[in-house]
Amino acid sequence: MTMYDIIKHKRDGGVLSDQQIRKVIEGYTRGEIPDYQMSALLMAIFYKGMTFEETASLTYAIRDSGDVMDLSSIAGVKVDKHSSGGVGDKTTLVVAPIVASLGAKVAKMSGRGLGHTGGTVDKLESIPGFRTSLSGEEFFDVVRRVGVAVVGQSGDLAPADKKLYALRDVTATVDSKPLIVSSIMGKKLAGGADGIVLDVKTGSGSFMKTVEDAKELAAMMVAIGHTAGKRMVALVTDMDIPLGHAVGNSLEVVEAIATLKGQGPQDLTDVCLELAANMLFVAGRGEIDACRALAKEALHSGQALNTLAAMVKAQGGDPAYIYDTELFAKATHARDVLAPRSGYVVKVDAEEYGLAALSLGAGRLRKEDAIDPSSGLIIHVKPGEYVQAGQPLVTMHTNRPIFLADAEERLLAATEIADDNITRRPLVLDRIVV
Ligand code: URA
């Protein structure tokens, strides 16, 4: 079959073979299949979907498009986590040190923020000196010595996904389940860990707007990882509202550190403990309740905080910032957004809050934009809480005061205050294990 035939077959609802899918991915990665034909195939997949077998074939083809990390020279069980992306999601900064402090190894590749969502690599780079780009040998050495290293994605890991993601971004084909599953799992399988925990977000600040879609996505990823021989768990977690109070790079690092000191916001602490417990579970450290107890203990003993400081030092950063967060530079301007009326806060729209933080300098509008690490938001009132008129809802931090007025308007429009309170749904909506 030519590429033309493959596009036509999928357009008409046909099922592609493993061989056809591999041929397409190999050809596209090598630059032999042009973007316009790949775009047409992506749109056909968007509309016609893929069977489980096709999705698995696409995942493995993406995994095999570049290097697959061999972590066997690192002793112990290697575990990884992946979040499908959200606002205020600083869980890796808390979870990875907890798990590593308990002896599981975390060799983690993370992403940068794009659009309204933040990225772990940008957050870590707000720690002066921290290097998110290490040679392969340095990366392995830090994992062996400290138990955890977090770096940006290496150039040769799942290169097909890099090209496909950029194309999907501009052809309105991001929010397709088989394409999301293969993109996330192709990268995770190339990362080489023995066990993987997925945090599938659902709600306004995520790609999966409904719980049903998020559950279906999570089940497919878990099944594909399991077929590839990995121990897998997926949690479906709420992303209707930002996680924790801080949105923006150094602000989120400070909140993650507070959480590692046992002083973090309840929602963030709960999600982090559940993710950490599940990583310990896939690492074979016992039943889930025993793993929950281990994770809690590592947080409260300060052992996990020390592991974060050790990782920061090993990756060139200044560990003094971990023990004294007052050292982080502050933005030149801070302005409160005040409640226009008294009542219960019933909505804080995650996507809009993410976009407001971005406009203040916390994110990028284009890939080449520079991040302003100290800008962002501190949210004072979350849904379910009561505010008096004139009380601060959010504090905006920025070095670009010219953008304050627009951000304020956006934040006010994204916050709903009502006479009657709402019941918030649980933070962890499902757990899928194989
Ligand atoms: N995150 C990814 O890595 N890929 C997707 O397709 C969506 C979210």
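A: Domain bounds come from an automatic or database domain assignment. The model shown here is predicted. Its domain assignment gives domain 1 (3–49), domain 2 (79–154 + 190–324) and domain 3 (329–418).

Q: How many Å separate the centres of domain 1 and domain 2?
A: The centres, taken over C-alpha atoms, are 34 Å apart.

Q: Which residues does leucine 377 touch?
A: Residues up to four places away in sequence are not counted. Among the residues that leucine 377 touches are His245, Ala246, Val247, Leu251, Tyr353 and Leu411.

Q: How does one read the span of a helix, taking helix α11 as the case?
A: The expected span is 1.5 Å times one less than the number of residues. Helix α11 (residues 249–260) has 12 residues and reaches 17 Å from its first C-alpha to its last, close to the 16 Å expected. Helix α11 is also mostly covered, with 10 of its 12 residues buried. The buried residues include Leu251, Val253, Ile257 and Leu260, as well as Glu252 and Glu255. Just after α11, glycine 262 takes a positive phi of about 80°.

Q: Which residues other than glycine have a positive phi, and are they buried or exposed?
A: Two cases may be set side by side. Alanine 158, in the loop between β3 (148–152) and α8 (159–170), has a positive phi of about 45°. Buried means under 20% relative accessible area; alanine 158 has 0%, so it counts as buried. Alanine 172, in the loop between α8 and α9 (177–190), has a positive phi of about 55°. Exposed means over 50%; alanine 172 has 55%, so it counts as exposed.

Q: What is the accessibility of threonine 29, and what does this residue touch?
A: Threonine 29 lies in helix α2 (residues 18–29). At 24% relative accessibility, threonine 29 counts as partly exposed. Leaving out residues up to four places away in sequence, threonine 29 touches Ser65, Pro159, Ala160 and Lys163. A polar atom of its side chain lies 2.6 Å from the backbone oxygen of isoleucine 25.

Q: Where is serine 84, and is it buried or exposed?
A: Serine 84 is in the loop between β1 (79–83) and α5 (91–101). With a relative accessible area of 14%, serine 84 is buried. A polar atom of its side chain lies 2.9 Å from the backbone nitrogen of lysine 201. Beyond its neighbours within four places in sequence, serine 84 is in contact with Ile184, Asp199, Val200, Lys201 and Phe207.

Q: How does one read the surroundings of a ligand, and which residues surround this one?
A: The ligand is surrounded by Tyr165, Arg168, Ile180, Ser183, Ile184, Lys187 and Phe207. An N or O atom in the side chain of arginine 168 is 2.9 Å from a ligand oxygen atom. For serine 183, such a side-chain atom is 2.7 Å from a nitrogen atom of the ligand. A polar side-chain atom of lysine 187 lies 2.6 Å from an oxygen atom of the ligand.

Notes
Residues numbered from 1 in each chain as written. Predicted model: local features only at pLDDT ≥ 70, side-chain atom pairs only at ≥ 80, totals over all residues. Heavy atoms only, no water. Contact = heavy atoms within 4.5 Å. Helix = DSSP H or I, 4+ residues; strand = E, 2+ residues; numbered from the N terminus. Buried < 20%, exposed > 50% of the residue type's maximum accessible area, 1.4 Å probe, protein only. Near = heavy atom within 4 Å. Polar contact = N/O pair within 3.5 Å; in protein donor to acceptor, adjacent residues only side chain to side chain.
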